[in-house]
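Open the structure in your viewer and keep the selection panel at hand. The stops below say what to select next and what is there.

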Amino acid sequence: MTMNNKRFWLLPLVAGVLLVGALGYWGYQQFTVRQRLETALNNKYYRALYDLTENVQNMEVLLSKSLVTGTPEAQSTLFMELWQRAMAAQADLNQLPVTDALTGRTSKFLTQVGDYAHSLLQQAARGRLESDRQWETLNRLYRQSADLNLALHDLEGRIADGRLYLNELVREGSRTLGRQGPRLANANFQTIEKHMENFPTLIYDGPFSDHLEKRTARGLTGKTINRDEARRRALELVEGRDNYTVERVGETRGKIPSYLVELRPQNGDGGGNITVAITQQGGHLSWMTNGRQIGRPAWSIEKARQKARQYLASLGFNNMVAVYHEQQNGVAVFNFAATQDRVILYPDQIKVTVALDNGQILGVEASGYLMNHTRRELPRPRISPQEARKKLNSRLKEIKGGRLALIPVSPDKEKLAYEFQARLDRDLFLIYIDAVDGSEAQVLRVVRNPEGVLTL
Amino acid sequence: MKLALVSFRRSALLLLALVVLATGLVVTAGQSPAQERTLYWGLSGDDVIRVQQRLLDWGFYDGPVDGFYGSKTQQAVVDFQLNNGLVPDGVVGPNTWAALGFPPAPATAPPPEPPAVSRGVTNRDAVYLLARVIEGEAADEPFEGKVAVGAVILNRTRSAAFPHSLAGVIFQPHAFESVSNGQYNRPVSEESLRAAMLAMSGWDPTGGSLYFWNPAKPVNPWIWTRNIVTQIGRHVFAR
C-alpha cells in the first residue's frame, strides 16, 4: 500500500521534470535560431551601410577630381566611375531598414549625381562639354556629397562604438510606415534627409532631371468640361452603352486632371465594371479599364487588331499605325502610333486591349498620346535612305525597311530617324539612323515569344 | 529578364522605346514546337499553360492556368502520373506528354525556324512578380485599383527617390506590407496577372502616383503631406 502511494506521486513528478526540461530545451533552440537569423539579417544591413559610406566617400573624391582634370579623356573616365559609384550608393541606401519617407531626398540626390555624370559622359563622347556651367554644378555637387559623407561617417562611428544599433530598426520598423516607429538610427537619417531637402534643384539633360516632373500634357486641347459632359462622353466611348449605367463620377488630379466615370452593367451578368477617365480639359479619353472574366479565346490576333483599329477610327483617330502587340490570359494589347506626313510618331501611342473571347474592347490607354501629341516641326532629312543604309554595321544580314520615324531619345527629346530591321545570326534588331546627321540613334533588340514581341 | 530590368533603370526613354515595332514584324505566334520540351518545377511558358489546361480539364488540377510550373502544378502532374501508371516524378517528359494527349511529332516534320528566338529573354517573370505584389496589396480592390497599385510600383522604378529596378522597389525594406509579412506569396489570381500586364503596358490610373495607402488603417502622418491625386477603391493615391 505504502509502496503504491509512493509510486503514485513519483510518476507525475518525473513526467513534469521531463516536460519542463523538454520545453526549456525547445525554447532555447528557438531562441538560438532567432538570434542567428537576426544576426544574419543585421549583417546584411551593416554591409549595405558600410558599402554606402564607401561609395559616397568615393563620389566625393571623384567629384573633387573632376574639378581639376583638364582633358576630356580623363574626365570621361571620372564620370564613368562617378556614375557607377552613385548608382551603387543609391542601391545600398535603399536596402537599409529605414522607411522611404526618411531616405527619399538622399536617394534622389544620389540618383541625380549618377544621372548627371552619365549625361556628361554622353556629352563627352560627342565631344561637346560646356565647361563653365558644368564646373559650377560639379563644384556644388562636390560640396553636397562632402556633407553627406560627413553625416554617414558620423553614423558609422556611433555604430562602431556601440551607441547606435541598426537592429533597433529591424525590430520596431517592421510595422511598415508604422506609428512613431523606431527612434535611434532613424532619427539620424531624418537629420540627413532634412539637410538634403535644402539642396537646390538640378536641371540637366537626363531622365531624372528635376524639370521633367513639371512636364505638362501637350496633347490637351479644348475647353474645360463639367461632370455631366464627362458622364455623357464616357457613355459614348463604351461599346454597348445602353447596357451600362453610371454609378459614380470621381475626379483625379495628377499629370492629366480627369473625371473618373464608373459604369456598371445593368443586367449584371457577363460584364464587369468599367472605369473611364475623361480629361477635364477637352473631354478626351485618357484611359479605360474593364476587369471582367475572360472566357475561352475564340478570336485571332488579326481579327482583334482590326477591331481595335475600327474602334480607334470611331473615336476619330484615323492615321494611327499598329506597331506592336502582346497577349496574355485571353487578352491582347495593341499599340498604335500616330503619323504625320507619313512619319511614324513613336512617342504618341495609344494602347487598346481586346478580349479574345468575344472581341470586346476592354481598355484604352491614351495618356502617352495626350502627353506628347502635337503637330511637330519635323526637320528635313539631310541624307537619303540609301545613304543611311550604308551606315549600318556590315555584319548585319537581311536588311529591310528604311521608313522615317520620330523616336524618343530622352524624355523630352525626339529625333527623326530611318528605321531598319536586320538580323545577326538568329537575333533580330531594329536600328535607327539619324536622318539629319547620319549617326546611329538607337539599336533595339527584338525578342519574340508566345506572348508577343518585345523590344529591348 | 536582366535586360528588361536594365531598361527600367534606364528610365522612361527606354520604356517608351520598349513598344516601338513595325506592323510587318508582328505575326501571330504560339505554334507548337515539333518536340515538346521536358517540363519541371520552376519553368514557365506556353507549353506549361497547355499542360495546366489539360490537367484542369481532366480534373487533376484546380489552380490558375498561368503558365507557371509551381508546386500545385507539380502535385497535379504527380497525381496524373499515379493515375496513368507512369513514374510519379512530377516531371513532364516524353511519356507524360504522350499520356496527356500530346504525342511527339513525326520525325519527318521539318523543324520550324523561329524568326527571332527569345533565348530566355522575356518580361514574363517581371509581370508575375508584379502580379504577386498586386495580389498581396490589393486582392479585394476593384480591377482598376489593382492596375493602380501596379502602376505605383512601376512609377517608383522611374523616380529618382526610389530604387531603379522592379525587384529593388518591391523588396525595399518596409515598402510594402504584403512583402514584409509574406502575404504576397499567396496564389496569384488571373485578375492580378492581367492588371500587372496592363500596368507594364503603360496603364496608370494614378496619374504618376508614388504612394498609396488605406486611410482606414493607421499610417504615418507624414504620408498625408503628399500631394493626393485620387482615391480608387479603398486606397488613396498620392505623388
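Begin with helices α6(B) and α7(B), which are oblique to each other because their axes cross at roughly 125°. Bear in mind throughout that this is a predicted model.

**Stop 1: α6 and α7 of chain B**

Select residues 124-138 of chain B for α6 and residues 143-157 of chain B for α7; the two axes come within 9 Å. The crossing of α6(B) and α7(B) is right-handed. Now show side chains at the contact: α6(B) contributes L130(B), V133(B), I134(B), E137(B) and A138(B), while α7(B) contributes G145(B), K146(B), V149(B), G150(B) and I153(B). Coloured by class, the residues of this contact come out as six nonpolar, two polar and two charged.

**Stop 2: α6 and α10 of chain B**

The crossing of α6(B) with α10(B) is right-handed. On the α6(B) side, pick V127(B), L130(B), A131(B), I134(B) and E135(B). On the α10(B) side, their partners are S192(B), L193(B), A195(B), A196(B), M197(B), A199(B) and M200(B). The contact of α6(B) with α10(B) has 10 nonpolar residues, one polar residue and one charged residue. Leave L130(B) and I134(B) highlighted: both belong to the contact with α7(B) and also to the contact with α10(B).

**Stop 3: α7 and α10 of chain B**

Hide α6(B) and look at the remaining pair. At what angle do the axes of α7(B) and α10(B) cross? They cross at roughly 50° and come within 8 Å, and the two helices are therefore oblique to each other. Their crossing is right-handed. In α7(B), select F143(B), K146(B), V147(B), G150(B), A151(B) and L154(B). In α10(B), select E191(B), S192(B), A195(B), A196(B), L198(B) and A199(B). By class, the contact of α7(B) with α10(B) is made up of eight nonpolar, two polar and two charged residues.

**Stop 4: annotated regions of chain B**

Select residues 141-238 of chain B, which UniProt lists, in an unreviewed entry, as "domain: Cell wall hydrolase SleB". This stretch is 37% helix and 12% strand, and its end C-alpha atoms are 17 Å apart.

Next select residues 44-100 of chain B, which carry the UniProt annotation "domain: Peptidoglycan binding-like", again from an unreviewed entry. Here the chain is 54% helix and 0% strand, with the end C-alpha atoms 18 Å apart.

**Stop 5: the two domains of chain B**

Colour residues 35-104 of chain B as domain 1 and residues 126-205 of chain B as domain 2. The centres of these domains, taken over C-alpha atoms, are separated by 29 Å. How many residues does each domain give to the contact? Domain 1 of chain B gives four residues and domain 2 of chain B gives six residues. On the side of domain 1 of chain B that touches domain 2 of chain B, two residues are nonpolar, one is polar and one is charged.

**Stop 6: chain A**

Move to chain A and colour domain 1 (17-214), domain 2 (227-372) and domain 3 (385-455). Then centre the view on domain 2 and domain 3 of chain A, whose C-alpha centres lie 30 Å apart. Their contact takes 10 residues from domain 2 of chain A and 10 residues from domain 3 of chain A. To find the domain 2 side, select β5 (320-328) and β7 (343-355) of chain A, each of which supplies at least two residues to it. That side of domain 2 of chain A, facing domain 3 of chain A in the contact, has six nonpolar, three polar and one charged residues.

Technical notes. Residues numbered from 1 in each chain as written. Chains lettered and ligands numbered in written order. Predicted model: local features only at pLDDT ≥ 70, side-chain atom pairs only at ≥ 80, totals over all residues. UniProt positions renumbered as here; feature names shortened; annotations may be inferred. Helix = DSSP H or I, 4+ residues; strand = E, 2+ residues; numbered from the N terminus. Axes fitted to C-alpha atoms, helices over the stretch in contact; angles between N-to-C directions. Parallel < 35°, antiparallel > 145°, perpendicular 65-115°, else oblique. Left-handed = near helix turned anticlockwise from the far one by under 90°. Contact = placed C-beta atoms within 7 Å. Nonpolar A, V, L, I, M, F, W, Y, C, P; charged D, E, K, R; others polar. Domains from an automatic or database assignment.
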